[in-house]
Amino acid sequence: MSPLQSVLAFLAFLGAGNALKAWYLAHRVEQTLKTTCPGGNKIWIFPLGALQLLAGPFYPFRGTVGDYFGKFTVYAKYGSTCLSCASVWGARPTYFITDAEAAKKICSDRHTFIKDVASYEMLNIYGPNVVSAEGAVWKRHRMIANSAFNEANNALVWKESMRIIEEWFSDIDSRKDPEKPIDLSAELSQLTLLVISSTGFGRHGSWKAFEHIDEPPPPGEVMDFHSAVTKAMSRLLYKVLTPKIVDTIATTFYIPFLTPLLKETKAAYDALQYHMLDVVAEARAWVADGKKTEINAALLKNLVEANSEEAITDDEFLSNTLAFLLAGQETTAHTTSFTLSILALYPEVQDRILEEVNKAWPRNGPPPTYKDYLTKFEYTTATFMETLRLLPAVPRFGKLVQKDTVMTGHKFQLSPDGKTVDHAEPFTIPIEKGTVVMVDVTGLHINPMYWGPDAEKFKPQHFIDTDTYRWPRDAFYGFSGGPRTCLGQRSPRPRRSAFWLT
């Protein structure tokens, strides 16, 4: 055996020994957890972070605790709303939760259950932001942005949505090949980008801004704002998941496919930074001029004023801008696209929405205002909420436990048909400091304890209160929950309703 082979054999032996030791320690933790909470398998990939994001489609394995596609079936198998397992590396106790009471505690007690900041480090492309930060840093970012999401800005979202959707439909009508399918995901992403960039950052554009989006800019020029945002968003995973050493190698030495991809990604993010700095400069000039005019860009105004007062740095300003563009654009576009696809299967729901729209906007009558939306589109709003229940934008999220505590779960028995809960009994779970808790939003959203026998069916009535029914607010996490609930959760609703009206 050569010296190199000897070294490799030794390293393999050492690695196998460490893996076996980790497995044994996790096994001991797993057996202890099973005494207080059902479940009991080991997971080799830490449930938070980039690696699990990539492994999600195939690991954890089907039918085991943590299965991304298991919905509520694994919980039904064990008869418990809380399931335990152990992360092999570090022998860390881990719980998956579909219990409304436990989820509420996890989300509301932000001092005991905190975000795993290390797992969100990849989103700090320019610096810390409201999505990736925790503790006092997060609180500072949140306070700055929060007041921008008010009723006045929602009214502006409504107005801009009506304008841009009209432009989009006019463009569809003018296309040479009316039979050509429409890429809903792509075009709805463009629509939401136009609305967000206009109402949030004062970058007003028309639908024609995307006519030449796939064409490279002229030599020596930077791609335009909307092209930069679109390409930056489409290449986000490459940006955040590519190790710096790989990026350095691929840009120094030509590697087929990888080098062109990373160069295009860099060009998009450089252009985006250029345009955001331009927006900052304009807004700072507005501040220096005494704010004599009104800016219809509430979020930009808040960020610039905070930056001028040194409440946030330039890097934090840029990072928050990117975070809001990403969070607002993709989630809204995908949910609207999902809704359209689902409605194709439910013509009776389409009829109900049309009936509601016709009442609010009679033929030859003036278009409804944002105030009309607040009172006249109950079923339309419920339809979008139901889509978000069955297809949540964030299927699960995790927290790290900072001190010993307890959590309540429920053991239950399903009816013979598996659609209703015949009996449920609470039980207490002791939680140690260092534990990982995962709120399984997809499973919670179809838990029959809260959503009834038709929990897995598409039914907008799930979100309409009646004299005998009140929809379960504590069992819905389409916008997360607690202090870290989505800042812009009300903004997408007028945008989506304007879509149906137009």
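This is a predicted model: local features need pLDDT of at least 70, side-chain atom pairs count only at pLDDT 80 or more; totals for chains, interfaces and linings use all residues.
Aromatic pairs come to 14 in this structure, where rings of Phe, Tyr and Trp (its six-membered ring) count as a pair if their centres lie within 6.5 Å, with planes under 30 degrees apart called stacked, over 60 edge-to-face and the rest tilted. One of them joins Tyr59 and Phe61, an edge-to-face pair at 4.9 Å centre to centre with 90° between the planes.

Residues are numbered from 1 along each chain as its sequence is written, and side-chain values use heavy atoms, leaving out hydrogens and water.

Further along, ring pairs tie Trp451, Phe463, Trp471, Phe476 and Phe479 together as a cluster. Trp451 also has a charge over its face: Arg389 lies there, 5.0 Å from the ring centre. Arg352 does likewise over Tyr379, at 3.9 Å from the ring centre. For such a contact, NZ of Lys or CZ of Arg has to be within 6 Å of the ring centre and within 35 degrees of the ring normal.

Turning to the strands, six of them make up an open sheet with mixed pairing, in the order S1-S2-S3-S8-S5-S4. Strands (E, at least two residues) and helices (H or I, at least four) are DSSP runs numbered from the N terminus, and two strands pair if DSSP finds at least two bridges between them. Strands S1 (39-43) and S4 (113-114) are the edges, each pairing on one side only.

What about S8 (residues 436-440)? Five of its five residues are buried, so the strand is largely enclosed by the rest of the structure. Val436, Met438 and Asp440 cover one side and Val437 and Val439 the other, all of them buried. S8 runs parallel to S3 (residues 92-97) over four bridges, with Thr94 opposite Val436 and Phe96 partnered by Met438. With S5 (residues 396-401), S8 pairs in the antiparallel sense over five bridges, and there Phe397 stands opposite Val439.

Notes
Buried means under 20% relative accessible area, exposed over 50%, partly exposed in between (1.4 Å probe, protein chains only).
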